[in-house]
Amino acid sequence: MFVSRFWIWLFDGGILTHTWGWPSLFLFMSLTLLSVFGLYYFVPSGYAGKEKVTKPFDFSGLFYLFLFVISFILGVKLNGYLLILSVLSILLLGLHSKKQGVLLFIDFSVFQSYSFNRLILVSFINNAAMVAILFLFPLQAIRTFHVSAILIGLILCSISIVAFLISLLVRKAIHFISNKKLMIISIGVQLIGFGLLIFLGLHSMIMTTLGVLFIYISFSALTVIINIEIPHTIEKEKMSMGIGVYNLFNFLGMSFGPSISSRLLEMSSNLNFSFFFFVVLLILSFMLSIVERKSTE
């Protein structure tokens, strides 16, 4: 994941934008459609737990989930009233999850674990903050320091390489330091990164880059920690459902970050306003990483 990201930023975010402009980004990203062929040929279908699936597919659950995702993203970005539709779709999905005789698309019973809920919220904020920086950092670099798109791509490429290497060290560090302490440290580093952007970012490109580096390192470390912890919070028979919900929240976080950032920029052109918003979210994430409750499942 981290390796692919810095290659994307090197070739896609930097060279393509510099040479052919921002519309070329959509052409490059459309190559992900090729993954459909891989899913068709390599991903097994029709079996779960080595038993053939006989229950009908949950098209209603899929529709409610699709309605929630679309209304949530558009509600954050375009019109807040659409969030009412998001709440309504969640209520319908919750009621639908009590239905019998169908292979539920979303089983709400996975949310009975406090530890699981805590981790997916921390992961949501972590992904939102990181992807928001991918949106806000180029704006600040161009607006304040007049940096070219290709140089921004090279900077983010270098930062991604460092973050990837740090993530490898984190995997080894878990043998000596508890995951809870590593999680607290990672969120603390992320707060320091945003602090550098807020207080020193307008005065020095070096400090801006250092702040982004801290945020990237924290994101990489926190992702590794949560990926290790999340399976321990899910019952074995609900593992597939839990991992799917976890990845869904990651996707929503990645969509929420740049969407809310652009909305905040409409309210105030000062980038620090957006940075302060994510500081508040990270403080919430920090509190969640500290507060634990004994599992009763």
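Where does Asn79 lie relative to helix H4 and helix H5? Asn79 is placed in the loop that runs between helix H4 (59-77) and helix H5 (82-96). The model is predicted, with local features requiring pLDDT of at least 70 and side-chain atom pairs counted only at pLDDT 80 or more, whereas totals for chains, interfaces and linings use all residues. Residues are numbered from 1 along each chain as its sequence is written, and side-chain values use heavy atoms, with hydrogens and water left out.

The secondary structure consists of eleven helices and two strands, where helices (H or I, at least four residues) and strands (E, at least two) are DSSP runs numbered from the N terminus. In sequence order, the pattern is α-α-α-β-β-α-α-α-α-α-α-α-α. The chain has 297 residues, of which 43% are buried; buried denotes under 20% relative accessible area, exposed over 50%, and partly exposed the range in between (1.4 Å probe, protein chains only). The accessible surface of the chain is about 16,600 Å², and carbon and sulfur atoms account for 73% of that area; areas were computed by the Shrake-Rupley method with a 1.4 Å probe, and for residues only the protein chains shown count as cover. Of the contacts (heavy atoms within 4.5 Å) between residues at least 6 apart in sequence, 76% join residues at least 24 apart.

H4 comprises 19 residues and spans 27 Å from its first C-alpha to its last, close to the expected 27 Å; the expected span is 1.5 Å times one less than the number of residues. The buried residues of H4 are Gly61, Tyr64, Leu65, Phe68, Val69, Ser71, Phe72, Gly75 and Val76. These buried residues pack against H5, H6 and helix H10 (239-267).

With neighbours within four places in sequence set aside, Asn79 is in contact with Leu74 and Arg263. Asn79 and Arg263 are 184 residues apart along the chain, and their C-alpha atoms are separated by 9.8 Å. The Asn79 side chain also reaches the backbone nitrogen of Tyr81 at 2.9 Å.

A nonpolar patch on the surface is formed by Phe66, Ile70, Leu74, Leu78, Leu82, Leu85, Leu88, Leu92 and Leu95, which together have about 780 Å² of accessible area. Patch members have over 30% relative accessible area and no salt bridge; like charges are joined within 9 Å and nonpolar side chains (Val, Leu, Ile, Met, Phe, Trp, Tyr) within 5 Å. A salt bridge is a side-chain nitrogen of Lys or Arg within 4 Å of a carboxyl oxygen of Asp or Glu. H4 and H5 each supply at least two residues of the patch, with H5 giving the most, five residues. Leu88, in helix H5, is partly exposed, with a relative accessible area of 44%.

His96 is also found in helix H5 but is buried, at 10% relative accessibility. Beyond its neighbours within four places in sequence, His96 is in contact with Asp58, Ser60, Gly61, Tyr64 and Leu104.

Ile133 lies in helix H6 (residues 114-145) and is buried, with a relative accessible area of 1%. Excluding neighbours within four places in sequence, Ile133 is in contact with Pro138, Phe194, Leu197, Val212, Ile215 and Phe275. Ile133 and Gly257 are 124 residues apart in sequence, with a C-alpha to C-alpha separation of 8.2 Å.

Note on methods
A polar contact is a pair of N or O atoms within 3.5 Å; within protein, one must be able to donate a hydrogen and the other to accept it, and residues adjacent in sequence count only if both atoms are side-chain atoms.
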